[in-house]
Amino acid sequence: MRITRPTRPARLVTLLGVAAVGLSVTAVTLPGTADATPRQPVRPTIVLEHGAFADASSWDGVVERLQRAGYPVVAAANPLRGPAVDAAYLRSVVEHIDGPVVLVGHSYGGTVISQAATGLGEKVKALVYIAAFLPDTGESSLGLTNKFPGSTLGQVIVPVNYTLPDGASGADVFIKPDKFHQQFAADVPADKARLMATGQRPIAAAALEENSTRAAWKTIPSWSLVTTEDRNIPVAAQRFMSARAHARTTEIDASHAVTVSRPDAVARIVEKAARTVR
């Protein structure tokens with residue numbers, strides 16, 4: 001039987017057909033592979049704002065845990081001059097950060113983040129209040145403290161008067177060093193509390209009386225950590241402000257210095273807020 005060999009044009013058509021099949025298979029599988037690539041989660045920058053009688057080092061344990069979890073962190077310096085001045089400074093820090101931000105405030109730092117974040121909803125995705133003030137417009141830190149019983153801060157502070165070059169006068173307030181441990185940081189080891197007392201940052205007395213002009217918690221999702229053994233901000237005040245703001249609230253048996261005594265608990269609530277950022 002005679003077998004006729006295909007001519008060269010016929011063989012060429014056959015080879016091109018095989019190649020076309022291979023190309024068509026490749027074209028189908030590549031898009032499927034690309035769609036299967038998981039999207040990376042967003043990692044917002046965590047900006048930490050300390051309060052009165054503390055400094056940025058009070059966040060050290062929290063910073064360590066958040067960085068270990070993969071978050072970029074900024075522990076900002078708080079001038080402690082008044083809500084308007086301090087919020088303007090913090091706002092400038094936030095505006096120079098690329099990407100989404102979670103703002104965290106401790107104590108008077110809560111007053112500052114509430115004012116600084118207003119109008120920055122496209123950048124600031126969450127607010128976290130740690131044993132902090134959540135003032136409404138027209139309220140002051142001192143007024144909210146005095147609204148409920150329980151604070152003993154007024155009994156242990158010392159005013160220091162000063163005069164500015166232009167002749168204006170003012171007063172800063174400190175916690176008496178020998179009262180600092182009991183008042184501010186009762187659950188912190190005594191040697192650590194002594195260092196904190198020595199390095200405490202004073203706050204302008206007028207800052208505690210200055211009324212807030214904005215309340216970002218009305219438009220930005222909020223979280224709150226309430227400290228039930230607090231002698232600076234009464235626990236009833238913390239609960240009232242947190243409930244009013246509809247903040248996702250956690251309570252813990254800790255002193256006002258919870259960022260130092262329980263950095264694990266503080267970092268957990270900050271991470272809860274950060275994980276909601278998309």
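1. Buried residues account for 45% of the 278 residues in the protein. The model is a predicted one, and the points below should be read with that in mind. The protein contains eleven helices and nine strands.

2. The accessible surface of the protein is about 14,300 Å². Carbon and sulfur atoms hold 57% of that surface.

3. Next, the contacts along the chain. Consider the contacts between residues at least 6 apart in sequence: 75% of them join residues at least 24 apart.

4. Helix H3 spans residues 83-95 and helix H4 spans residues 108-116. The two pack at an angle of about 65 degrees, and their axes are 8 Å apart. Angles of 65 to 115 degrees count as roughly perpendicular, and H3 and H4 are therefore roughly perpendicular to each other. Their crossing is right-handed. On the H3 side, the residues that meet H4 are Pro 83, Ala 84, Asp 86, Ala 87, Leu 90 and Arg 91. On the H4 side, they are Tyr 108, Thr 111, Val 112, Ile 113, Gln 115 and Ala 116. Sorted by class, this contact has eight nonpolar, two polar and two charged residues.

5. Helix H6 (residues 177-184) packs with helix H7 (residues 190-198) at an angle of about 120 degrees, with their axes 9 Å apart. H6 and H7 are therefore oblique to each other. The crossing of H6 and H7 is right-handed. H6 contributes Pro 177, Phe 180, His 181 and Phe 184 to the contact, while H7 contributes Ala 190, Ala 193, Met 196 and Ala 197. By class, the contact of H6 with H7 has seven nonpolar residues, one polar and no charged.

6. How far apart are the axes of helix H2 and helix H11? H2 (residues 60-68) and H11 (residues 263-274) have axes 8 Å apart and pack at an angle of about 50 degrees. That angle makes H2 oblique to H11. H2 passes H11 in a crossing that is right-handed. Gly 61, Val 62, Arg 65 and Leu 66 are the H2 residues in the contact, and they meet Pro 263, Asp 264, Val 266, Ala 267, Val 270 and Glu 271 of H11. The contact of H2 with H11 is made up of six nonpolar, one polar and three charged residues.

7. Ser 107 sits in the loop between strand E3 (101-106) and H4. Is Ser 107 buried or exposed? Buried means under 20% relative accessible area; Ser 107 has 6%, so it is buried. Ser 107 is not a glycine, yet it has a positive phi of about 60 degrees. With neighbours within four places in sequence set aside, the contacts of Ser 107 are Gly 51, Ile 130, Ala 131, Ala 132, Phe 133, Ile 233 and His 256.

8. Ala 131, one of the residues in contact with Ser 107, is in the loop between strand E4 (124-130) and H5. Ala 131 counts as buried because its relative accessibility is 0%. Ala 131 also has a positive phi, of about 45 degrees, although it is not a glycine.

9. Thr 145 belongs to helix H5, which covers residues 141-146. Thr 145 has a relative accessible area of 11% and is therefore buried. Which residues does Thr 145 touch, not counting those up to four places away in sequence? They are Phe 133, Ser 151, Asn 232 and Pro 234. Phe 133 is also among the residues in contact with Ser 107.

10. Ser 261 lies in helix H10, which runs over residues 258-261. In sequence, Ser 261 and Asp 187 are 74 residues apart; in space, they are 6.2 Å apart, C-alpha to C-alpha. Asp 187 is one of the residues in contact with Ser 261.

Terms used: Residues numbered from 1 in each chain as written. Predicted model: local features only at pLDDT ≥ 70, side-chain atom pairs only at ≥ 80, totals over all residues. Heavy atoms only, no water. Axes fitted to C-alpha atoms, helices over the stretch in contact; angles between N-to-C directions. Helix = DSSP H or I, 4+ residues; strand = E, 2+ residues; numbered from the N terminus. Parallel < 35°, antiparallel > 145°, perpendicular 65-115°, else oblique. Left-handed = near helix turned anticlockwise from the far one by under 90°. Contact = heavy atoms within 4.5 Å. Nonpolar A, V, L, I, M, F, W, Y, C, P; charged D, E, K, R; others polar. Buried < 20%, exposed > 50% of the residue type's maximum accessible area, 1.4 Å probe, protein only. Areas by Shrake-Rupley, 256 points an atom, 1.4 Å probe, with all protein chains shown as cover.
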